[in-house]
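Please keep the sequence and the structure in view while reading.

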Amino acid sequence: SPAERERDRLTIEWFGRAWPVLGLAFVLLFTGSTAIQAGQLGYVVLQVDGRHPAIADFVASARRVFGPLLGATLLSMGFAVGVVLLVVLIGVLLSLESIPGLIRGVFGVLLVAASLLAGVWAGVRLTFWFIALAADRVGPIRSFKAAFHITRGRWWRVLGFNAALWAVMVGV
């Protein structure tokens, strides 16, 4: 109908003009939240070291940790994109008609189970990635390695701790 076409035209026109502003808002929100998280991480590290930090220490921590934390966050986002691509690949493989149904089903279950196990394993091993980034004052890759080192031999305890935290968050 003419009313629907007019509505569609206005919607497309609005989004066509609004996307630069929305993109800028996203970039500002992303960088602002990363800066606040950087300050919080640095502030907590100073607290754990036994110091009594002031607000100026929060700002100094945010400046010091922002770059590495931004790099680590972008690496995490790249990992998330990889997971999405893996899910798409699994979906494409499972939709192939040339593979018999039973084999597709078993293959799909095995792929999903392996993906979930790998995700849990990596999530536990990287629990302390951002904390190591702020505490050790190194870049994203070295803190990545440090997070693996911290959890070596403690995987089950860290998994239990994370599970308890998730249970509390879900309960709340």
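The axes of helix α1 and helix α2 come within 6 Å and cross at roughly 120°, where axes are lines fitted to C-alpha atoms, for helices over the stretch in contact, and angles run from 0 to 180 degrees between N-to-C directions. The model is predicted, so local features need pLDDT of at least 70 and side-chain atom pairs count only at pLDDT 80 or more, while totals for chains, interfaces and linings use all residues. Residues are numbered from 1 along each chain as its sequence is written, and side-chain values use heavy atoms, with hydrogens and water left out. Helices here are DSSP runs (H or I, at least four residues), numbered from the N terminus.

**Helix α1 with helix α2**

- α1 and α2 are therefore oblique to each other, given that angles under 35 degrees count as roughly parallel, over 145 as roughly antiparallel, 65 to 115 as roughly perpendicular and the rest as oblique.
- The crossing of α1 and α2 is right-handed, a term used if the near helix is turned clockwise from the far one by less than a right angle.
- By class, the contact of α1 with α2 has 15 nonpolar, eight polar and two charged residues; Ala, Val, Leu, Ile, Met, Phe, Trp, Tyr, Cys and Pro count as nonpolar, Asp, Glu, Lys and Arg as charged, and the others, Gly among them, as polar.

**Two residues of helix α2**

- S61 has its place in helix α2 and is buried, with a relative accessible area of 3%, where buried means under 20%, exposed over 50% and partly exposed in between (1.4 Å probe, protein chains only).
- Not counting residues up to four places away in sequence, S61 touches A38, G39, G42, Y43, L46 and F66, contact being defined as heavy atoms within 4.5 Å.
- F58 also lies in helix α2, but F58 is partly exposed, with a relative accessible area of 25%.
- With neighbours within four places in sequence left aside, F58 is in contact with I36, G39, Q40 and Y43.
- F58 and F79 are 21 residues apart along the chain, and their C-alpha atoms are separated by 29 Å.

- The crossing of α2 and α4 is right-handed.
- On the α2 side R64, V65, P68, L69, A72, T73, L75 and S76 take part, and they meet W129, F130, L133 and A134 in α4; by class, this contact has nine nonpolar, two polar and one charged residues.
- The largest nonpolar core has 10 residues in all, namely A38, L41, V45, V65, L69, A72, W129, L133, A134 and A147, a core being a set of buried Ala, Val, Leu, Ile, Met, Phe, Trp, Tyr and Cys residues joined through side-chain atoms within 4.5 Å.
- At least two residues of this core come from each of α1 (2–48), α2 and α4.
- W129, leaving aside its neighbours within four places in sequence, is in contact with A72, L75, S76, P140, S143, F144 and A147.

**Helix α2 with helix α3**

- The axes of α2 and α3 come within 10 Å and cross at roughly 170°, which makes α2 roughly antiparallel to α3.
- L86, I90, L93 and L94 of α2 make this contact with R104, F107, G108, L111 and S115 of α3, and by class it has six nonpolar, two polar and one charged residues.
- L117 has its place in helix α3 (residues 101–125) and is exposed, with a relative accessible area of 63%.
- L117 and L96 are 21 residues apart in sequence and 25 Å apart in space, C-alpha to C-alpha.
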